[in-house]
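Subject: Structure handover and notes

Dear colleague,

Please find the structure below, together with its sequence. My notes on it follow.

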Number of protein chains: 2
Amino acid sequence: MSPPTIIDVAHRAGVSPGTVSNALSGKRPVSAATRARIEQAIAELGYAPNFMARGLVNQRSHIIAIVVTEFRDLGFYGYSSTLTGIQQKATKLGYSLMLNFAADPTGREVLPALNGAKKYQADGVIWAVHEIEGNRDWTASLDAAGYPPIVHLHTRPQPHLAVVTIDNRAGARLATGHLIEQGAKTIGIITGPLNWWEAQERLAGWREALLAAGLFADEALVAEGDWLADSGRLAMETLLARNPGLDAVFASNDTMALGALHTAHARGLAVPDDLLLAGFDNTPEAAVYWPPLTSVRQGLRQMGCLAVETLHAIIEEQAGAPPQIQLQPELVVRRSSQKTAAAA
Amino acid sequence: MSPPTIIDVAHRAGVSPGTVSNALSGKRPVSAATRARIEQAIAELGYAPNFMARGLVNQRSHIIAIVVTEFRDLGFYGYSSTLTGIQQKATKLGYSLMLNFAADPTGREVLPALNGAKKYQADGVIWAVHEIEGNRDWTASLDAAGYPPIVHLHTRPQPHLAVVTIDNRAGARLATGHLIEQGAKTIGIITGPLNWWEAQERLAGWREALLAAGLFADEALVAEGDWLADSGRLAMETLLARNPGLDAVFASNDTMALGALHTAHARGLAVPDDLLLAGFDNTPEAAVYWPPLTSVRQGLRQMGCLAVETLHAIIEEQAGAPPQIQLQPELVVRRSSQKTAAAA
DNA sequence: TTGTATGCGTTATCAA
DNA sequence: TTGATAACGCATACAA
């Protein structure tokens with residue numbers, strides 16, 4: 001009843017288990033005749049290797065553990081896109097993926113997730129929890145020995161960590177700079193939760209772009225959201241109430257931009273004629289918002305790929321100092337930010 | 001350098017490995033004194049059990065493999081929501097999650113994904129690939145022996161399979177019936193790709209509701225989309241062109257409804273005053289569309305929970321005949337479908 | 001080119 | 001209540 005083992009195959013093929021192992025791995029030569037007999041036996045028995053046993057002796061599980069946070073987070077556009085990139089590269093390199101969940105994104109309770117990876121002897125970990133306040137502090141105090149190597153996503157580059165991330169600040173500069181070029185003078189920002197590193201970076205990018213253009217980054221132009229659409233709706237209300245001359249808004253993600261559009265519609269404000277708008281993420285839906293939304297494209301799939309490649313290099317001990325990779329986003333211009341464009 | 005083993009702990013605590021194992025599992029009594037020494041040794045060494053070794057002897061990996069399809073699919077609202085439910089229940093029952101990808105959603109090439117689960121001796125599989133044409137046919141011919149038990153999602157109930165699914169037809173009936181109640185006479189539908197089972201079901205539900213109300217389900221009222229927003233935009237164009245009297249549309253998911261709204265805006269059609277609209281999924285964004293979208297809520301998180309519970313029962317051999325669970329969706333009414341409602 | 005023996009970390013059986 | 005030993009399925013060093 002239990003699945004066939006390498007011993008069953010050996011028995012049926014009339015050879016020793018070691019020979020079957022060699023035939024499968026190709027590490028030692030096996031004669032064509034016996035190889036054929038072995039392959040036939042494998043086919044007849046429906047044998048498949050047991051990776052737990054193999055991992056036990058090899059000290060190599062071929063598992064990459066991905067750590068994300070619970071609840072809504074997986075629904076964020078970012079995760080699914082990143083996961084796709086991770087999956088593709090992982091498959092190519094022969095890794096399987098294990099999904100672990102950190103109980104609380106803001107929490108320091110990282111050990112359960114980390115131990116989840118350790119339990120199954122994961123070869124490496126991709127830490128995809130967004131940096132929020134001190135929730136990366138554990139990296140400094142963790143006794144790295146005894147834990148698999150970790151590649152960090154969505155966090156600020158730090159010399160002692162392997163990090164693959166996106167230049168959020170540059171992205172925000174791109175979007176805000178574009179709004180300035182379109183003639184906007186009073187440009188508000190809807191930020192993410194400001195205890196998120198990425199939200200801070202996007203805010204900083206907005207500020208940098210304004211200063212570079214000689215505009216004043218008034219605090220009244222900053223409204224904090226929580227990444228969700230409804231908070232974008234409210235933040236837009238706030239911005240409009242506080243800034244009579246508001247002529248453009250940069251929303252720190254597309255979903256909040258959708259909320260901002262809602263408020264604009266409700267107030268009878270025409271986008272882009274009365275107000276320019278840009279978002280961040282370039283979700284597939286952004287192109288179909290009304291009006292279509294200018295947004296910042298992050299190379300999330302590529303980031304996933306690079307994370308796996310980086311991790312693989314570390315696992316294979318081909319990496320020197322912890323790699324620091326920062327991807328540059330690009331701006332996708334659509335109608336929401338172009339006053340002069342004719343309606344389609 | 002290698003992580004501490006149970007033998008190291010035993011050595012340090014001055015007991016035998018078996019005793020340490022018993023102390024950890026609680027399967028045999030251990031004296032308080034030795035237990036204390038063992039726990040101290042564990043803490044000092046930072047010992048964590050090796051589940052691969054444990055799984056090898058127990059023939060129980062405590063792994064549940066989830067099979068989804070590549071690319072965009074994970075971005076669909078459904079998967080992330082379902083995954084959350086799966087994760088919560090799995091953690092509660094002591095399972096870890098492994099993520100496998102079926103190369104092609106329409107393909108019959110399921111063995112790679114299934115073997116991915118088998119390689120790591122997964123205790124069970126949650127097959128979350130949407131049913132498309134014959135992509136479930138393999139279930140009939142698969143030699144179940146040698147594979148872990150499977151619970152199927154997003155597929156039609158079938159006696160020989162364990163299935164947890166949602167009554168898509170009832171959901172579509174709910175939405176369409178509501179549009180009829182609101183006074184609509186000529187109700188179009190934007191379907192998903194019609195080789196998807198769920199798309200067919202939602203179409204059937206629309207048809208049933210129309211017939212029940214004595215309305216004619218004209219083929220001209222059916223426009224096929226591909227679940228993505230842009231296809232909703234185009235389908236809406238088609239419906240408007242073909243049906244001059246069109247006064248309501250049921251979109252088979254919210255994303256396509258967003259596309260439909262886009263077209264309505266572009267054509268200067270007011271929703272809900274000129275045209276009623278309803279969607280399916282009740283994504284978090286639907287409440288912030290302009291106007292807020294009436295939609296069908298599926299209990300996806302609950303579905304994920306139930307899938308794990310069902311699988312667990314089968315693994316523990318507490319299940320009799322393959323369970324067939326069908327969840328009932330509910331309608332969430334918002335402004336897009338209510339002609340009489342005052343604007344908020 | 002192939003067979004034999006040992007060990008990976010753990011649990012279970014048996015004896016003490 | 002505890003210790004010794006075998007076994008899980010596989011890969012490898014060594015012998016043939």
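Of the interface residues of chain A, 96% are also interface residues in chain B, so the two copies meet through the same surface. Please keep in mind that this is a predicted model.

Symmetry

Chain A is superposed on chain B by a rotation of 180° with a shift of 0.1 Å along the axis, at an RMSD of 0.1 Å. That is the relation of a two-fold axis. Which residue of chain A comes closest to the rotation axis? Met98(A) does, with its C-alpha at 2.1 Å.

Met98(A) also has a place in the pairing between the chains: its bridge partner in β2(B) is Met98(B). The strands concerned are β2(A) and β2(B), the latter covering residues 96-102 of chain B; they run antiparallel and are joined by 3 bridges.

The contact between chains A and B

Chain A contributes 51 residues to the contact and chain B contributes 51 residues. On the side of chain A that touches chain B, the elements that give two or more residues are α4 (51-58), α5 (77-92), β2 (96-102), α6 (111-119), α10 (229-242) and α11 (254-267). Of these, α5(A) gives the most, with 7 residues. Sorted by class, this side of chain A has 25 nonpolar, 20 polar and 6 charged residues.

The DNA strands

There are 30 residues around DNA strand D, and those that come nearest are Thr5(A), Ile6(A), Gly18(A), Gly18(B) and Val57(B). Two or more residues of the surface near DNA strand D come from each of α1 (6-13), α2 (17-25) and α4 of chain A, and from each of α2 (17-25) and α4 (51-58) of chain B. The element that gives the most to this surface is α2(A), with 6 residues.

DNA strand C is surrounded by 29 residues, the closest being Gly18(A), Pro29(A), Ile6(B), Gly18(B) and Ser21(B). For the surface near DNA strand C, the elements that give two or more residues are α2 and α4 of chain A, with α1 (6-13), α2 and α4 of chain B. By class, the surface near DNA strand C has 14 nonpolar, 12 polar and 3 charged residues.

Strands within the chains

In chain A, strand β8 (residues 248-251) points Ala248(A) and Phe250(A) one way and Val249(A) and Ala251(A) the other way, and all are buried. Strand β6 (residues 187-191) of chain A runs parallel to β8(A), and 4 bridges join them. Within that pairing, Val249(A) in β8(A) stands opposite Gly188(A). β8(A) is also joined by 3 bridges to strand β9 (residues 276-278) of chain A, again in parallel. There, Ala248(A) has Leu276(A) in β9(A) as its bridge partner.

In chain B, strand β3 (residues 124-127) sends Gly124(B) and Ile126(B) one way and Val125(B) and Trp127(B) the other way; all are buried.

Nonpolar cores

The largest nonpolar core has 94 residues, of which Val249(A), Leu277(A), Val249(B) and Leu277(B) touch the most other members. Leaving aside neighbours within four places in sequence, the contacts of Leu277(B) include Val249(B), Ala251(B), Ala257(B), Ala260(B), Leu261(B), Val271(B), Pro272(B) and Leu293(B), and also Ser336(B) and Ser337(B). Another core, of 88 residues, lies apart from it; among its members are Ile66(B), Val110(B), Cys305(B) and Leu306(B).

Trp197(B)

Trp197(B) is found in helix α9 (residues 197-212) of chain B. Is Trp197(B) buried or exposed? It has 20 C-beta neighbours inside 10 Å and therefore counts as buried. Leaving aside neighbours within four places in sequence, Trp197(B) is in contact with Glu131(B), Thr155(B) and Arg156(B). Trp197(B) and Arg297(B), 100 residues apart in sequence, are 18 Å apart in space, C-alpha to C-alpha.

Regards

Terms used: Residues are numbered from 1 along each chain as its sequence is written. Chains are lettered from A and ligands numbered from 1 in the order in which they are written. This is a predicted model: local features need pLDDT of at least 70, side-chain atom pairs count only at pLDDT 80 or more; totals for chains, interfaces and linings use all residues. Two residues are in contact if their C-beta atoms, placed from the backbone, lie within 7 Å. Ala, Val, Leu, Ile, Met, Phe, Trp, Tyr, Cys and Pro count as nonpolar, Asp, Glu, Lys and Arg as charged, and the others, Gly among them, as polar. Two strands pair if DSSP finds at least two bridges between them. A nonpolar core is a set of buried Ala, Val, Leu, Ile, Met, Phe, Trp, Tyr and Cys residues joined through C-beta atoms within 7 Å. A residue is buried if 20 or more other C-beta atoms lie within 10 Å of its own, exposed if 12 or fewer, and partly exposed in between; C-beta atoms are placed from the backbone. A residue is near a molecule or strand if its C-beta atom, placed from the backbone, lies within 6 Å of it. Copies are superposed by least squares on the C-alpha atoms of residues with pLDDT of at least 70 in both.
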